[in-house]
Amino acid sequence: MARELFRFKGGVHPPDHKAESNARPIHAAPIPRQLVIPVRQHIGNPAKPVVDVGDTVRTGQLIAAADGTISAAVHASSSGTVVAVEPRVLPHASGLPDLCIVIDTDGRDEWVERTPLDYRAMPAADLRMKLRDMGLAGLGGAVFPSAVKLDAGPAQICPLLILNGGECEPWITCDDVLMRHHADDIMRGAAIMRHLLGSTEVLVGIEDNKPEALAAMREAAARLEFAVEVVAVPSVYPGGGAKQMIETLTGRQVPSGKLSTDIGIQVFNVGTAHALARAVLHGEPMIERLVTVTGHVLRPQNFRVRIGTPMQTLIDLAGDREGATGVLMGGPMMGLVMPNSHVPVVKATNCILVQSRELFPAPPAALPCIRCTRCADVCPAELQPQELFRFAKAGDFGRAQEYHLFDCIECGCCTYVCPSHIPLVAYYRYGKSEIWAREREKRAADLARERHEFRQFRLEREKVEKAAKLAAKAAAARAQAAQDQARRVAPATDAPATATPDAAAGGTGEADAKKAIIAAALARAQAKKAQSAPKNTGQLSPEQQRAIDEIEARRAKIRELARKPLESETENP
Amino acid sequence: MLTAIGVMVLLAGVIGVALGWSAVRLKVEGNPLAEKIDAILPQTQCGQCGFPGCKPYAEAIARGEADINQCPPGGEDGVKQLAELLGVEPKPLDGEHGVPKPKSVAFIDEQTCIGCTLCIQACPVDAIVGAAKQMHTIIASECTGCELCLPPCPVDCIAMIEIREDLPHWKWRYPQIQLKRVA
């Protein structure tokens, strides 16, 4: 029974270069002397370090805890001592440093205690939290935290689970050899995913250029107690993209701006399934992965690598050659140029592709777009790359978004076929990050506006409140004075006066109250003056007074003398 | 003849009532142009334009009392956007109102701060936390980098720190031909 397959639009057939690296067995790379483990290896919040410099850690020990829901923990890839928690250059196109935990390994590779999880007996939410703390993230390239993807949402069910073994990008073979050698573990991982997602159907999509992997996976599937269909899909780049794999297998398209779970489908890379099985059934957090080292090296092959191993170590193991011009992380279509060859392997590193002038000649200078629309013919996202290019180049990002720039998966098909050699994807990446930056700026501006407006409102409110308080105080003082006045007047007047208190209070009350306030203030001032006058000059005895007068007279005489010029001075010039 | 006049008068009456009603009921609060201008301004609230905040400046532009090139934090890009909105020619920034500076945030040296609260009163977005004789600190995520807190500080303990590019804020550059690096 052959399954009906569908063909997504576009795609290209670049030479696959898989044979170079997929024949050799998986080689476990030795643990390097120093591991550099970044805390930001996944999409979402970076993990928060929980170790300090000088701490001794064991293999698999938590060194940075997940921060929030969309995050994943980071673990020590081998035992040793933490020697630094500092920014180091990351395997990222920017070449910028970011926080890393540096461990000097002791070579003993002593594990923490590993406890397998009984996933069938655990509540799904607890299991997901555990997976997040085990550092599970998608190994297909996007490194999205797997725990989040394993949540079927409010529906609690995701009918179709797809394991993606497409691996369509040229040169890369890590999924291929993983399927050949660890098919059973992948299937066990699929069983856990199926349990969490409540899926009724499980498909494995593998491109037909990997017959050994297909055979191994079919064999493993036959041993399972539930049905898994292993489907050979045609080899077309980018057939291993999640959305393309869904379309090939089901004929359904994920609508723009939606997730595959919205149409009841979840896709995982086979490597993620393998890591999940290791985490749940063996209690091993995500501390290693398979990495293809290929391109301009002597022995292209796949390594089982501890996260944090410098790329150069692996290149040396595979046989460094003269004439290397650079290192790509990933394949030639979507790979990122590494700032140097000493950056560490991270969870996203599926391939280290060493470039040379012969294998990857520098592209010729870009020529103007001739609007041949070959890019539109090959675009698997069914976009209009030539239009997106025009808008991104002109900085017209609004129009670019109208043309669904964010549906672009950056697969590089358009760049591959462009007869003018325009680096189209570079323009889309530029456009996307520019749009994000502008949105961030806009949010910041809105926040500032809101806070400024609230401050103005607050100041205004405080002013009004202060005025009201002063008015109330003044009114109270007036009332008090009026009362005092009334009390003073009341005993002095006769009965008739008290019989008409309204007239007294009403007509002259205001003026009287004011007078009373003034009088009281004057009395207070006088009292104060009396108090503050120096007490030693009052009530002098006659003798003291006489002494003072004498002194004053003497002073007056001296002043008089001082005013008159001396006779000697006037006579002798 | 009379009928025609009657019809016209009736029509005028009906339309007049409708217009009068809509003028009252559908009145637009505030100046919509000022709002649009305000949306373009960077909301630094720094007052470098000579107005006490972005909104007053926006209103002044809308009234035609201020030029569009008085906002250094908005930069040439902001001037261009304003020119586009208002349908005028963009012009270079007026140097009298300052020059654009890289985006930065204020930082209080906690060793030197005497807790006088003067900077708190100066901050246009309430981004400084502190109380009298207590050490003050700046909420970096809400600081607009307006520098209004610098002059009132009696002990000069506030410094502006440039925001360096980090990984989450890194942007892909505009693609260009890599020139051959010499030496």
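**Stop 1: two loops of chain A**

Select the loop between helix 13 (413–417) and helix 14 (424–492) of chain A; His421(A) lies there. Check its backbone: phi of His421(A) is near 55°, a positive value in a residue other than glycine. Keep in mind that this is a predicted model.

Now move to the loop that runs between strand 11 (228–233) and helix 7 (242–250) of chain A, and pick Pro238(A). Which form does the peptide bond from Tyr237(A) to Pro238(A) take? The bond is cis, with omega near 0°.

**Stop 2: a helix pair in chain A**

Select residues 183–197 of chain A, which are helix 5, and residues 211–222 of chain A, which are helix 6. Their axes come within 9 Å and cross at roughly 55°. An angle of 65 to 115 degrees would count as roughly perpendicular and one under 35 as roughly parallel. Helix 5 and helix 6 of chain A are therefore oblique to each other. The crossing is right-handed.

Show side chains at the contact. Helix 5 of chain A brings Ala183(A), Asp184(A) and Met187(A). Helix 6 of chain A answers with Ala216(A), Met217(A), Glu219(A), Ala220(A) and Ala221(A). Colour this contact by class: six residues are nonpolar, none is polar and two are charged.

**Stop 3: chain A as a whole**

The C-alpha atoms fill a box of roughly 130 × 90 × 60 Å along the principal axes. The radius of gyration of chain A is 42 Å, whereas a compact globule of 573 residues would have one near 25 Å.

**Stop 4: across to chain B**

Select the residues of each chain that touch the other. Here 19 residues of chain B are in contact with 22 residues of chain A. On the chain B side, nine are nonpolar, four polar and six charged.

Chain B has five helices and four strands. Along the sequence they follow the pattern α-α-α-α-β-α-β-β-β. The radius of gyration of chain B is 25 Å, well over the 16 Å that the globule rule gives for 183 residues, so chain B is more spread out than a compact globule. Its C-alpha atoms fill a box of roughly 90 × 60 × 35 Å along the principal axes.

**Stop 5: two domains of chain B**

Six residues of domain 1 of chain B are in contact with seven residues of domain 2. The domain 1 side of this contact has one nonpolar, five polar and no charged residues.

**Stop 6: a helix pair in chain B**

Finish with helix 2 (residues 32–40) and helix 4 (residues 75–86) of chain B, which pack at an angle of about 160° with their axes 10 Å apart. Helix 2 and helix 4 of chain B are therefore roughly antiparallel to each other. Their crossing is right-handed.

Select Lys36(B), Ile37(B) and Ile40(B) on helix 2 of chain B.

How values were computed:
Residues numbered from 1 in each chain as written. Chains lettered and ligands numbered in written order. Predicted model: local features only at pLDDT ≥ 70, side-chain atom pairs only at ≥ 80, totals over all residues. Axes fitted to C-alpha atoms, helices over the stretch in contact; angles between N-to-C directions. Parallel < 35°, antiparallel > 145°, perpendicular 65-115°, else oblique. Left-handed = near helix turned anticlockwise from the far one by under 90°. Nonpolar A, V, L, I, M, F, W, Y, C, P; charged D, E, K, R; others polar. Rg over C-alpha atoms; globule rule 2.2 N^0.38 Å.
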